[in-house]
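Here is a short report on the model shown below.

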Amino acid sequence: MQLKEERLRSLLLGGLVGDASAYHIFLSELTAHLRSFVRRRLAHLPEEVEDLVQELLLAIHNQRHTYDSAQPLTAWVQAIARYKLIDLLRRRSRTNGLHDPLDDDYDLLAAADGDAAEARYDLAKLLQQLPDRQRLPILYVKIEGRSVADAAKRTCMSESAVKVGIHRGLKALAGRIRSIA
Amino acid sequence: MKTEDWVSMLATGVDAIDPKRTARRHFLAITGGLLAALAFTGGILRFNPALSNRMLLEPMFWVREAYCAALALLGFVAVTRLARPGIRLGLAPAGVVTVVVVMWTFAATVLLRAPAQNRSHLLFGTSAAVCPFLIALVAVPLFIAILWVLRDLAPTRLRLAGAAAGFAAGSLGALVYSLHCPELAAPFFGTWYLLGMLIPTSLGAWLGPRLMRW
């Protein structure tokens, strides 16, 4: 446990200074822990598990500047996971309140549990809803893997505008995911 | 979408985080909010003319300033702690209660020692009816500025974080407002200043869950 915490923490700290491969390993290794955390708590909503795991990964990414390196990584991640979990349950109880509890909506969603490693939302569709100044930087840099300089040239934006577009766009994506979930 | 693809997307082209980013935003917000609050107090309410001479020699002036400043500091500590996931709130609320209790004890002593006919003036002064509202008004730019910082961070207890933002703005607003206010009696500012701080605090508790979700 302690070793795992240390390992993940140093990978994240690497990510925070711009080491993308350390950051990639951090997110990948964290995923399995997040999934088991979520699965244990959403036993009655198995179809929500992978969606929430991805929502959590996005939240952790978007809020990574709030990690204080003096703080245990586990405390930070768990506080985010708990916040998102409660947020999800609250959203669900609100929408369920509008439906007849016997509505077959629930069965329909339960049937979609085929591939647990796949979330139900579609990044391409979500991206479509963003304005170009956020969508294009995410498309070029985050999805196609181009450099910020290259994306800036293609979009006729400054490099800092590209970075801001990515940051705001990913935050906006989190908002979209929240509103459809 | 597969989670491993999602992870790759997030990790691709990831940028270094500026470690001073949050501190810089706090600084910008507080400076901007203070300047706006000072402009409102000086330009519309007017600074108290007594500030240029005898007021600074009054010990009670400094007690009042210290009272507001201590509460503002505690409010700000609470805001910064509530803004980060997994950080305990700690002793800031207990500190606020301590400062208020000390002030009320002091104010009660002042009232008890004063001749009966003076007591009402010590408590109500000449501006009790407007004081809390003016403090709330002076706090508006500070409140907006602190919410702006919080929206970039990740509070997980939104109602509490909103209330802390309101309290920090209110007590810092009270500190600025005191440059206009002629009242120096402890029963006065122990009561009406606190009430003025509690207006943005309640507003923050209401707005927190509405404005700070992430």
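## Fold of chain B

Read along the sequence, chain B runs α-α-α-α-α-α-α-α. That comes to 8 helices and 0 strands. Helices (H or I, at least four residues) and strands (E, at least two) are DSSP runs, numbered from the N terminus. The model is predicted: local features need pLDDT of at least 70, side-chain atom pairs count only at pLDDT 80 or more, and totals for chains, interfaces and linings use all residues. Residues are numbered from 1 along each chain as its sequence is written, while chains are lettered from A and ligands numbered from 1 in the order in which they are written.

The C-alpha trace of chain B spans about 75 × 35 × 25 Å along its principal axes. Take the contacts in chain B with a separation of 6 or more: 85% join residues 24 or more positions apart. Two residues are in contact if their C-beta atoms, placed from the backbone, lie within 7 Å.

## Nonpolar cores

Of the 214 residues of chain B, 43% are buried. Buried means 20 or more other C-beta atoms within 10 Å of the residue's own, with C-beta atoms placed from the backbone. A nonpolar core is a set of buried Ala, Val, Leu, Ile, Met, Phe, Trp, Tyr and Cys residues joined through C-beta atoms within 7 Å.

The largest core has 85 residues. Touching the most other members are B:Val79, B:Ile135, B:Ile146, B:Leu150, B:Ala165 and B:Ala168. Helix α6 (residues 131-152) of chain B gives the largest share of this core, 14 residues. B:Leu150 touches B:Val79, B:Ala83, B:Pro155, B:Ala161, B:Ala165 and B:Met212, leaving out residues up to four places away in sequence. Another core, of 11 residues, lies apart from the largest one; A:Leu136, A:Ile138, A:Val141 and A:Val162 are among its members.

## Contact between the chains

Chain B puts 26 residues into the contact, chain A 41. On the chain B side, α1 (3-11) and α2 (21-45) each supply at least two residues. α1(B) gives the most, with 7 residues. By class, the chain B side has 15 nonpolar, 7 polar and 4 charged residues. Ala, Val, Leu, Ile, Met, Phe, Trp, Tyr, Cys and Pro count as nonpolar, Asp, Glu, Lys and Arg as charged, and the others, Gly among them, as polar.

## Domains of chain A

Chain A is assigned domain 1 (1-120) and domain 2 (122-181). These bounds come from an automatic or database domain assignment. Their contact takes 8 residues from domain 1 and 6 residues from domain 2. On the domain 1 side, α3 (49-62) and α4 (73-98) of chain A each supply at least two residues. The largest share, 6 residues, comes from α3(A).

Notes:
A residue is buried if 20 or more other C-beta atoms lie within 10 Å of its own, exposed if 12 or fewer, and partly exposed in between; C-beta atoms are placed from the backbone.
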